[in-house]
Amino acid sequence: MQPQTLPTPLPISKSGVCVADGYGIRLRVERGRLVVSDGFGPQRREGRFARATSGLRRLVLLGHTGFVTLGAIRWLADVGVGWSHLDPDGRVLATSAGYGVDHPPLRRAQALAYGTPAGNAIARDLLERKLDGQLRVAATISASGDTVAAIQVARDRLAAANSPDELMVIEAAAASSYWAAWADMPVEWVRSDLRRVPDGWQVAGPRTSPLTGSPRRPVTPVHAMLGYLYGVAEGEATLACLAMGLDPGLPVLHAPMRARNSLALDCLEGGIRADIDTWVLELVRSSVFRFADFAELRDGGCRILPPLSHRLAETAPHWAQLLAPVVERVAQMLADSPKSGVGPFPTRLTQANRSAGRDRQRRRLQKSRSASVPRSPGSICRGCGMHISQGRRWCDDCRPEVKLQAGRDGLAAARSLRARLHRDGLDPATSPASRVKQRDARLRRRAEEVAWDNNHPERPTQEVFRHTVLPAIAGIPIRRLANATGLSIGYCGLIRRGLRVPHPRWWEALTSA
């Protein structure tokens with residue numbers, strides 16, 4: 001009988017997100033505490049969360065199999081913790097929460113808004129926000145002037161569009177130029193994994209997947225991360241729509257489709273798509289990835305693997321905070337539409353109305369609180385892929401070899417430059433003035449050597465140097481030897497390696513350094 005090992009603790013991120021992944025996920029309640037179990041095979045994890053002190057804000061389920069008890073659903077609802085279930089590609093399978101504001105007139109106004117002037121105004125407002133964000137991102141990635149001009153032209157054409165179809169055609173034209181600027185963005189990998197990385201993963205690649213002819217089922221890591229975060233944000237948009245009393249499936253921009261949260265996608269498109277793009281862009285530019293962070297499926301698709309998928313899912317509260325004012329604005333514009341009969345509407349997500357009322361009683365206005373940007377995943381060594389502290393680029397094992405190689409590359413570049421200058425007659429070391437200085441230095445040093453030899457008739461041999469001086473300077477830095485003797489750093493390096501034997505007059509200065 002094999003001994004049973006205790007499960008490792010299931011962590012919660014600083015933002016209050018718990019990510020459960022693997023097979024056999026179980027959510028249940030024991031003695032008033034929520035128990036979440038996950039893992040792969042014998043490697044199991046388990047977390048026990050109290051109602052008041054756990055700090056749990058969001059639960060993200062990434063697994064394939066398992067169960068959730070009714071008691072766990074009740075526990076999450078009582079504590080106010082939202083949960084979402086995503087498949088490995090980021091597609092939203094299920095979310096929690098019912099209608100936070102049960103207002104039938106609002107949902108009636110929402111159902112009638114698609115294709116009407118009121119609905120078109122909301123859709124236009126969302127797309128204007130989206131294209132403004134794409135202009136900012138395009139400037140960040142140093143896109144060509146044609147790309148920026150194409151997005152700006154599309155932005156200006158939105159005012160003349162009178163239907164959701166016309167708006168989507170304009171948006172598609174801008175998206176084509178926008179994603180073309182992403183295609184050649186390089187992706188950095190650890191050196192030990194370069195032979196295993198497919199050629200197509202070296203750059204961001206096109207937005208359209210060759211497997212589906214659409215963004216679904218991406219084949220490159222960059223678009224896999226984008227699609228995954230879009231799925232995480234879609235779950236948060238769905239929860240926000242339900243909290244405001246909106247139906248996530250009744251859109252104002254996207255065409256209504258069965259089994260799709262079209263309004264959540266509308267809010268995502270016009271609210272935070274550019275923020276997600278910016279976050280992924282900074283992640284790609286500042287990080288080096290491992291081959292183990294992704295998996296190439298049998299059909300060529302790309303899938304994100306733990307722990308990178310967990311770190312991406314932990315950004316959910318940030319996107320929820322950015323989505324809150326967007327969803328509230330959509331709800332308010334629906335409430336203000338003609339004959340809606342809704343009237344004043346509460347700001348359940350941002351509490352802006354309550355804060356405004358309190359500000360009237362305060363002597364000083366409170367500073368506005370902006371959403372904090374989630375930190376990117378921790379640093380890993382660019383040579384071997386080992387996790388290292390934030391701000392470092394190489395681990396202790398790889399750093400010496402990297403420094404040595406950098407010195408070799410610098411020396412080779414210097415020699416190449418010297419040879420080119422000498423060939424073109426521009427070498428400063430061979431100019432007439434330099435030759436005069438070199439001659440004077442040789443004469444001066446020769447005179448010093450003769451004077452030393454006259455004062456020391458018994459000149460020590462090279463064997464004395466190798467047995468007495470060379471062992472004494474083996475651990476002394478080369479720069480210190482150069483400062484003590486006045487010799488060049490390169491010549492002192494040759495002396496310490498035993499490739500050169502200097503004149504005996506330098507031996508005392510070398511040993512005393």
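A nonpolar core is a set of buried Ala, Val, Leu, Ile, Met, Phe, Trp, Tyr and Cys residues joined through side-chain atoms within 4.5 Å, where buried means under 20% relative accessible area with a 1.4 Å probe and protein chains only. The model is predicted, so local features require pLDDT of at least 70 and side-chain atom pairs count only at pLDDT 80 or more, while totals for chains, interfaces and linings use all residues. Residues are numbered from 1 along each chain as its sequence is written, and side-chain values use heavy atoms, with hydrogens and water left out.

**The cores**

Select W182, V222, M225, I276, V280, F294 and L312: these residues have the most contacts inside the largest nonpolar core, which has 63 residues. Next, colour helix α6 (residues 221-243), which gives the most to this core, with 10 residues. Helices here are DSSP runs of H or I with at least four residues, strands are runs of E with at least two, and both are numbered from the N terminus. Centre on V222; leaving aside neighbours within four places in sequence, V222 is in contact (heavy atoms within 4.5 Å) with W182, M185, V187, A204, V280 and V284. A113, I122, C241 and M244 belong to a second, separate core of 18 residues.

**Helix α9**

Move to S309, found in helix α9 (residues 308-313). S309 counts as buried because its relative accessibility is 3%. Beyond residues up to four places away in sequence, S309 touches D21, L62, Y228 and I304.

**The four-stranded sheet**

Display β2, β6, β8 and β9, which form an open sheet in the order β2-β6-β8-β9 with mixed pairing; two strands pair if DSSP finds at least two bridges between them. β2 (17-20) and β9 (92-95) stand at the edges, each with a single partner strand, so one side of each is left without a neighbour in the sheet. β2 pairs with β6 (residues 58-61) in the parallel sense over four bridges. Within β6, L61 stands opposite A20.

**The five-stranded sheet**

A further open sheet of five strands has the order β1-β5-β4-β3-β7, again with mixed pairing. Its edges are β1 (8-9) and β7 (66-68), each with a single partner strand, so one side of each lacks a neighbour in the sheet. β1 runs parallel to β5 (residues 43-49), joined by two bridges; select T8 to find its bridge partner, R45.

**Helix α3**

Finally, select helix α3 (residues 117-140), whose end C-alpha atoms are 35 Å apart. This agrees with the 34 Å that its 24 residues should span at 1.5 Å a residue, the expected span being 1.5 Å times one less than the number of residues. After α3 comes S142, with a positive phi near 55°.

How values were computed. Buried means under 20% relative accessible area, exposed over 50%, partly exposed in between (1.4 Å probe, protein chains only).
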